[in-house]
Amino acid sequence: MITEHVRDAAATAFVFGFFATSWFGWAQEAPPKPWRPVLIAGSVLSLLTAAAGALLAWRHWSDGTAFDADTSPTFGIVVGIEFGVAAVGAGVLALLRRRELTAPWVALVVGVHLFPVAALIDYPLIHVVAALVTVVALAAVPVARARAVAVSAVVGLGTGVVLVVAAVSSLLIALLGY
């Protein structure tokens, strides 16, 4: 579960914290009222974790990293494909008037793209995050329909929780110097 480089763990805390905030925000599109305090607390925790991760990554910027001349371009390609596939899928869903499926689609693409990212930077925790986000994406629609809740609320809460837990875990890994 531990990465070789403190800087990478800290940067992961920043990235996952930042995106957890986005997912908690997306969940606030139409959540059940009792969920709002949880979503707000998740957003605040995510922002604090992202800020701490960014500061720690900056402090360890000169330390080692998994990103080098080989991994950096590949990472860019993987992320570029992720954005492209997410955007095309969201566009198709909009044309089909199925916008309510955009959040689970994007979560599915995010989850799947994290598998090659985890392998690329050799950070096993990201494999777990990839699997959990993928499961959330696949389960969101049936769970939302069974509970009569907005799909964006289910996928946003689920993905946000996975990402903030991973962000806090990465921050702790970085702080402990693993």
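Reader: What makes Ala140 the place where H5 is said to bend?

Author: In this predicted model, H5 bends by about 45° at Ala140. The bend is the angle between axes fitted to the seven residues ending there and the seven starting there.

Reader: How do you know that the span of H5 agrees with its number of residues?

Author: H5 has 24 residues, and at 1.5 Å a residue they should span 34 Å. The expected span is 1.5 Å times one less than the number of residues. The end C-alpha atoms of H5 are 33 Å apart, which agrees.

Reader: Which residues of H5 are called buried, and what covers them?

Author: Buried means under 20% relative accessible area. The buried residues of H5 include Leu125, Ile126, Val129, Ala130 and Val133. What covers the buried residues of H5 includes helix H1 (6-27), H4 and H6.

Reader: Where does H4 bend?

Author: H4 bends by about 25° at Leu114, and Pro116 follows within four residues. H4 has 20 residues and reaches 28 Å from its first C-alpha to its last, close to the 28 Å expected at 1.5 Å a residue.

Reader: Why are H4 and H6 called roughly parallel to each other?

Author: Helix H4 (residues 102-121) and helix H6 (residues 151-176) pack at an angle of about 30°. Angles under 35 degrees count as roughly parallel, and H4 and H6 are therefore roughly parallel to each other. Their axes are 8 Å apart.

Reader: Which residues of H4 and H6 meet?

Author: Ala103, Pro104 and Ala107 in H4 meet Val151, Ser152, Val155 and Thr159 in H6. By class, this contact has 5 nonpolar, 2 polar and no charged residues.

Reader: What makes the phi of Asp122 worth a remark?

Author: Most residues other than glycine have a negative phi. Asp122 is not a glycine, yet its phi is positive, near 55°. Asp122 lies in the loop between H4 and helix H5 (124-147). Just after H5, Ala148 takes a positive phi of about 55°.

Reader: Why is Asp122 called exposed?

Author: Exposed means over 50% relative accessible area. Asp122 has a relative accessible area of 54%, so Asp122 is exposed.

Reader: What is the phi of Arg97, and is Arg97 buried or exposed?

Author: Arg97 has a positive phi of about 60° although it is not a glycine. Arg97 is found in the loop between helix H3 (71-95) and H4. With a relative accessible area of 73%, Arg97 is exposed.

Methods. Residues numbered from 1 in each chain as written. Predicted model: local features only at pLDDT ≥ 70, side-chain atom pairs only at ≥ 80, totals over all residues. Heavy atoms only, no water. Axes fitted to C-alpha atoms, helices over the stretch in contact; angles between N-to-C directions. Helix = DSSP H or I, 4+ residues; strand = E, 2+ residues; numbered from the N terminus. Parallel < 35°, antiparallel > 145°, perpendicular 65-115°, else oblique. Contact = heavy atoms within 4.5 Å. Nonpolar A, V, L, I, M, F, W, Y, C, P; charged D, E, K, R; others polar. Buried < 20%, exposed > 50% of the residue type's maximum accessible area, 1.4 Å probe, protein only.
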